[in-house]
Structures are given as structure tokens and as C-alpha cells.
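Dear colleague,

I am passing on the structure below, together with some notes on what turned up in it. Please read the notes with the coordinates open.

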Amino acid sequence: MPLQTKFLNLTLKNPITTGAGTFGYGEEISEFIDVSKLGAIVVKGTSLEPWPGNPSHRICETPSGMLNAIGLQNPGLESFIQNKLPKLRKLGTKVIVSIFDKTAENFVKVAERLDQEVKNNSGKNKIDGLEVNLSCPNVKAGGATFCAKPDLMGQVISQIKKVTSLPIIAKLSPNVTDIVEVAKAAVDSGADALTLINTLVGMSIDIKTRRPRLRNNIGGLSGPAIHPVAVACVWKVHRALPSVPIIGIGGVYDVNSALEMILAGANLVGIGTANFYNPRICLEIIEGMKRYCEDNGVENICELRGGVRDY
């Protein structure tokens, strides 16, 4: 089992998972691939109330990447529980649910409700972890993201910790002064693991119309263009917090870029934007990892974690 991976209290078939918002709820892409072959999936984010998202245009292509300002559109917590959650376990892989909101109070309500749902259904609607998206604007802090104010971020995590027994994975933004300090604050507040990184802030302008290509003016930059930034963030945080589990995500597009993440210190590798142009990319990377292990005498992929050699 060269790819079997330990993450938190879970045993995964392999270290490949998906980026929230890029894989839907799994069922959308199941006609293209066997989702059960993935180590885990991180499903589209869920907020307390339905969010309509931003007006069009919401996506545009950029050199080696993509800008998006979808606006975290989703049907809300109760719709997710009734219509999506029962189907997730049938996909045959570990399920991590992404949650977000505009206030700490709503974050806590979402986490508590999901925890109750899991306990009340005797494992039928089992969730393996909560990915807490802390890159959202905090309306009570003037619109700054929770990550930008580590004390507020810490309050969110510590309050969630009180209402759920599910593992908490803090998803952090690279748009901060010091990603290591933010990561330390998240762990000190009770996060069991980290996801590094969310999108960078970007903008693209149409020189003919002289208008931004996104109706929201700015958006989240993802894709291969941000991969070196993501690798650096994973490396820095792993060096500072070597025992903390990490999901490395950001611009992974082939087996080499996935292996870079693991060598930098990631336990799991999240595939995001690449799913849009190649729905089979996750399976291709899994097969590529198997070949790499065979060709290089690696008995288990976990041996490579943090194995980058410093000069």
C-alpha cells in the first residue's frame, strides 16, 4: 500500500483530495471518474443561510491560472443536510465539509448543527472533518478577513472547538503579513490541522472596454501561477510546526507539482483549478504517485513528507 496515508485519526487510500468549490459535492463529477479512488474529498462550502453569490461575470482565465469571484454561492446549511449530505457517504471516500460565514456566531452555528446531524444519524451522515474557511470577510471587523486578525480567527476556532467533536482544519489565506504566525494562532486556538493555501487576490482588466473582467472587480487567483507561493507557505509552516497535519493546495496540476507539496511538508494534496480542465486529473496524479514510489524505492508516500533537502 505505497500510497496509504494517515491524516489526523483517519486512514486514507492515498494523499489526494480536492479543493472546496472545485469539485462540487462529488456527484457532479462522478460520471467522469470513480470518486471512491480518491483519498478524500472536500466539498463545496456551506454557510448558515443560502448565499446567492456574485453577479456575472464571475470567472476569467489568466496566464497560467484563473480568477474567480463566485461569491461562495451555496444553498445553505439545511439544504446541504437534507439534499447533499446523505449522498456523500455513498461516494466511498472520506468526506471533509467546508464551512464559512460572515460572523463568528454563524460559524459556530454551522459547526454545531453538523455535529448534531452526525451524532443523531448513527454514522449514516458521517463527516470526517470540518474545513473552516477563514478567508471570509468578517462583517463585524469592517470586512477584513478572519485570517487578517489572528485574535478574531482564534475566537472562531476556539468557539467551534467547544461545539463539535469533529476534527477542525483551518483553511488559511496567503494574503497576510506572516503565514507562520497566522498558522500558529490557528493551532494554539484549537485547530487540529491546516489547509494551505486559499487563493491570492488578483485583478484583470479588459483594455478594450477598460473595465475589470470580473463584475466584482477583484477575485481569487488560482491555478499553476500560484503554485510556488503555495509550496513556500507549506514549507515555512511545516518547518515551524512539524507535527501539525497540512493539506497543501494551490496550483497543483500534475504529479510533479503534487509531490512538491508533500516534500515541502504536506500530508495531503488538494487539487483545485485543474479539475475544471481535466476531470481525471486526480486519478492521473494518483497513478503517477504510484509509479514514482515504484521507480524510486519508496515504500510509502508518507516517507517523503517534509523531505526537501536544504542547501
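A salt bridge here is a side-chain nitrogen of Lys or Arg within 4 Å of a carboxyl oxygen of Asp or Glu. This is a predicted model, in which local features need pLDDT of at least 70 and side-chain atom pairs count only at pLDDT 80 or more, while totals for chains, interfaces and linings use all residues. Residues are numbered from 1 along each chain as its sequence is written, and side-chain values use heavy atoms, with hydrogens and water left out.

The structure holds eleven salt bridges, and Glu27, Lys84 and Lys87 are linked in a network of them. Glu27 and Lys84 approach to 3.3 Å between their closest N and O atoms; Glu27 belongs to the loop between β3 (16–18) and β4, whereas Lys84 is part of helix α1 (residues 77–88), 57 residues away. Helices (H or I, at least four residues) and strands (E, at least two) are DSSP runs, numbered from the N terminus. Between Glu27 and Lys87 the N to O distance is 3.8 Å, and because Glu27 is in the β3–β4 loop and Lys87 in helix α1, this pair ties together parts that are 60 residues apart in sequence. As for accessibility, buried means under 20% relative accessible area, exposed over 50% and partly exposed in between (1.4 Å probe, protein chains only). Glu27 is partly exposed at 30%, as are Lys84 at 21% and Lys87 at 42%.

Since Arg113 lies in helix α2 (residues 104–120), the pair ties together parts that are 35 residues apart in sequence.

Which residues does Leu48 touch, leaving aside those up to four places away in sequence? Contact means heavy atoms within 4.5 Å, and on that basis Leu48, found in the loop between β4 (40–46) and β5, touches Gly76, Leu77, Asp101, Asn106, Lys109 and Val110. Leu48 and Val110 are 62 residues apart in sequence, yet their C-alpha atoms are 5.6 Å apart.

Turning to the strands, two of them pair if DSSP finds at least two bridges between them. Strands β5 (residues 59–62) and β6 (residues 65–68) pair in the antiparallel sense over four bridges, with Glu61 standing opposite Met66 in β6. Their hairpin has two residues between the strands, and Ser64 there takes a positive phi near 60°. Strand β6 is also joined by three bridges to strand β14 (residues 219–222), again in the antiparallel sense, and the bridge partner of Asn68 in β14 is Gly220.

Helix α6 (residues 255–264) has Ser257, Ala258, Leu259, Met261, Ile262 and Ala264 as its buried residues, and what covers them includes α5 (227–240), β15 (246–249), β16 (268–271) and α8 (281–296).

Finally, Val201, in strand β11 (residues 200–202), counts as exposed at 54% relative accessibility. Together with Met203, Ile205 and Ile218, Val201 makes a nonpolar surface patch of about 370 Å². Patches are made of residues with over 30% relative accessible area and no salt bridge, nonpolar side chains (Val, Leu, Ile, Met, Phe, Trp, Tyr) being joined within 5 Å and like charges within 9 Å; accessible areas come from the Shrake-Rupley method with a 1.4 Å probe, and for residues only the protein chains shown count as cover.
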